[in-house]
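The stops below are to be selected in turn.

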Amino acid sequence: MAKKVALLQGNEACALGALYAGCSFFGGYPITPSTEVAEVMSKELPKTGGKFIQMEDEIAAMASILGASLTGAKVLTATSGPGISLKQELIGYACIAEIPCVIVNVMRGGPSTGMPTGPSQSDVMQAKWGTHGDHPAIALVPASCQEIFSETVRAFNLAEIYRMPVQILLDEINGHMRERIEFPEPGELEVIDRQQPTVSPADYKPFDDSQGDIPPLASFGSEYRYHVTGLNKAADGFPTAKPELVDAEERRQLRKIEANRADIEKNEEYLTDDAEFIVVAYGTISRSARYAVDVLRKEGIKAGLFRPITLWPFPEARMAELANQVKAIVVPEMNLGQMILEVERVTRRVCPVEGIGRVDGEPITPAQIVAKVKEVL
Amino acid sequence: MSSRYELRFSGAGGQGLITAGIILAEAAAIVEGQYAVQSQSYGPEARGGASKSEVIISNDPIDYPKATNVDACLALTQEAADKYAIGIKPGGMLLIDSDFVKREPKGDFKTIKFPIISTAKNEVGREIVANVVALGAMVALTGIVSRAAGEQAVIARVPEAFIELNKKAYNTGYEKVKSLIA
Amino acid sequence: MAFDYEQYLRPGKLPHIWCPGCGHGIVMKGLIRAMDTCGLEKNNTAIVSGIGCASRLPGYVDFNTLHTAHGRAAAFATGIKMAKPEMDVLVVGGDGDGVAIGGNHFIHACRRNIDMTYVLLNNYIYGMTGGQFSPCTPVGAKASTTPYGNPDPTFDIAKLAIGAGATFVARTTAFHATQIDKLIAAGLRHKGMAIIEVLDDCPTAYGRRNKFRSVIDMMKRLKEIAVPIKAAAHMTPEQLEGKVLTGILHQEERPEYCEQYQQVIASAQGD
């Protein structure tokens, strides 16, 4: 039987991907250009018995999804620009209290109110370092509407597996553009639920790492009863200031990412095998880059594309390997130099790394990338 | 890249040009199974201002989602014509509303004109369907989707009670251009 | 037979952090008695707090407890209640947490009339950070950030809650220990947003800066300023000067938020 198809905006695809993953709670606040995610959820969630709530502000939206997640729900919020800045406080809470949640950030120009209807990729570093304190981070940067759907499903899986917030970074272009989507059948994409405790309620400790770095999370309202705090805590969830316990907890949280890079990282390579020049691009701009690579190849220039789909953790090993093979790397992004810092760091600048920055509310065009590659030739 | 075809629908906010772009993209991507990307740019104001909707149609997956060299452009207002006709590629096409675009943009492209909004108002009966008249005209002009695919996409989009009105609008626009370029 | 508090306290989590003379312990005992009276199931109850001295209360009691970020308790609690309406959800916290940094969440939780019970311990001060003035500090009072006396007007929390749409609003004081559990129990039984303000004392951060020589002086003041709402009906404005009304100040029936949302679900499912 032919699959169900539709022409959908990226934001709509994101919402429908969340529903496919089993999301049953959305807490949001209206902000351009992310609002379609909330609009679709407000319409579709109650059909499944799920809950949509529009909260009084961005922080409350984030708080509501964390409360809901503790009852066992898979939860989503969506925001942009100033909204993601406001949410940082409780993204930190989700990290330390290890509460699964998915946050969509449809990036727009900034700082502050910036360009609400203009695209941007300037929240790359904020997705990693936005909240105070050391903490793990996962951020996904899908490019097409089909990929936004499937990466949203993966974002839920990663949040549930690693007990932490996962961010999906879209931008005004791929959030609003419409493309054909083929809906996967139920079961076609893997959907993972959080691990439940198997010990007796009396023995349950919400942060017990004796069986591994990711302790099972019980649900409020089940037979398990426990305490959650934003303070540094011991295995039983209660506050501690014991240096050795705090240190162990912080390191374990970062280890959730570092020890599982192979599972979390995802990239796509295009014509990199014999490439002498690599364009490193993500999200919407990776589409300009792919177009540019085709143009360059036609002109006999051996260009290739390296596209992180998981932006955080950054695909360090493969990036470093490619850097040893090529003559130069070009990094186009709709900001004034964010991911390029990471490219420079992990490649140790074994080859020239040149950026193209653009913050005027217009996308970086294939022609700009072609010109830059020719310049570094 | 070879079959990449770029269309731009421009005018004032509120004229339904984003919807026209969506219907064309649905005709291509859903009805005909081609690849299509529709995008738009708009200001914070929901009405007025210059608005544009772009559709890229191709036999192959589409990389860059915005127009680079526009094959065919529609402009319903002078402001839109002044602002958006610039991107038309040599040998491309421009369709304008002859009542509203008095200063014709000059360039290496072919300009086709008829009173689009007035046609909607007086021949179809409702000004509100001017965007669908324009859609029919653009389909006739470009042939990028079949006449039937465009009509099917129109029918799929509009509420039951307005199907006949919109079919009339679409076919009126289609016939107008066919007779102009015949 | 004496009431057995131990059954509701988490073993090994006491002593609490509160200073000698602080009224928070009195409120906690009242809260426990009220929950016992209403037969709240431990597994089916969530107690949510923000940041501050009062917000440490959930850590001591044996329920599902969530110690969140400063001011955000009502918003977290809203998520819990919405996602699992069958749970009993309570919020506890102080004045600065509840109506300063958390003021927006407080009024909107009242507006929604979501079925929660919010016990707000108002001790007129930010105690945990060392005694800065809060929106509830009396005009003229001394705090570590009002060395010349407080110039800020104060919030009347009960009026704020009523104005924002809470359907049950009550007030008492830490002196009136036996009224605390009665009002909290009434709030728990009420369907909708119940706000119970308990005027409290902070000898460490407030009392010693404001000429209270002892905790007893502070308790005496709480006793003196409290006027039961029924008694107030027979008093003149002059007699009520400087007094606060206690008891159930407001109660009404209005559709509860989670039940309203069930109608949204029914509409969406075409029922």
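This is a predicted model: local features need pLDDT of at least 70, side-chain atom pairs count only at pLDDT 80 or more; totals for chains, interfaces and linings use all residues.

Residues are numbered from 1 along each chain as its sequence is written, while chains are lettered from A and ligands numbered from 1 in the order in which they are written.

**Chain A against chain C**

Select chains A and C: 35 residues of chain A are in contact with 33 residues of chain C (C-beta atoms, placed from the backbone, within 7 Å). On the chain A side, helix 3 of chain A gives the most, with nine residues (helices are DSSP runs of H or I, at least four residues, and strands runs of E, at least two, numbered from the N terminus).

Next, select strand 10 of chain A, which runs parallel to strand 2 (residues 64–67) of chain C and is joined to that strand by three bridges (strands pair if DSSP finds at least two bridges between them). Within this pairing, A:His227 stands opposite C:Thr65.

**Two helices of chain A**

Now select residues 283–298 (helix 10) and 366–376 (helix 13) of chain A, whose axes come within 8 Å and cross at roughly 55° (axes are lines fitted to C-alpha atoms over the stretch in contact, with angles from 0 to 180 degrees between N-to-C directions). Helix 10 and helix 13 of chain A are therefore oblique to each other. Residues that meet here include A:Tyr291 and A:Val295 from helix 10, and A:Ile369 and A:Val373 from helix 13.

How values were computed:
Two residues are in contact if their C-beta atoms, placed from the backbone, lie within 7 Å. Angles under 35 degrees count as roughly parallel, over 145 as roughly antiparallel, 65 to 115 as roughly perpendicular and the rest as oblique.
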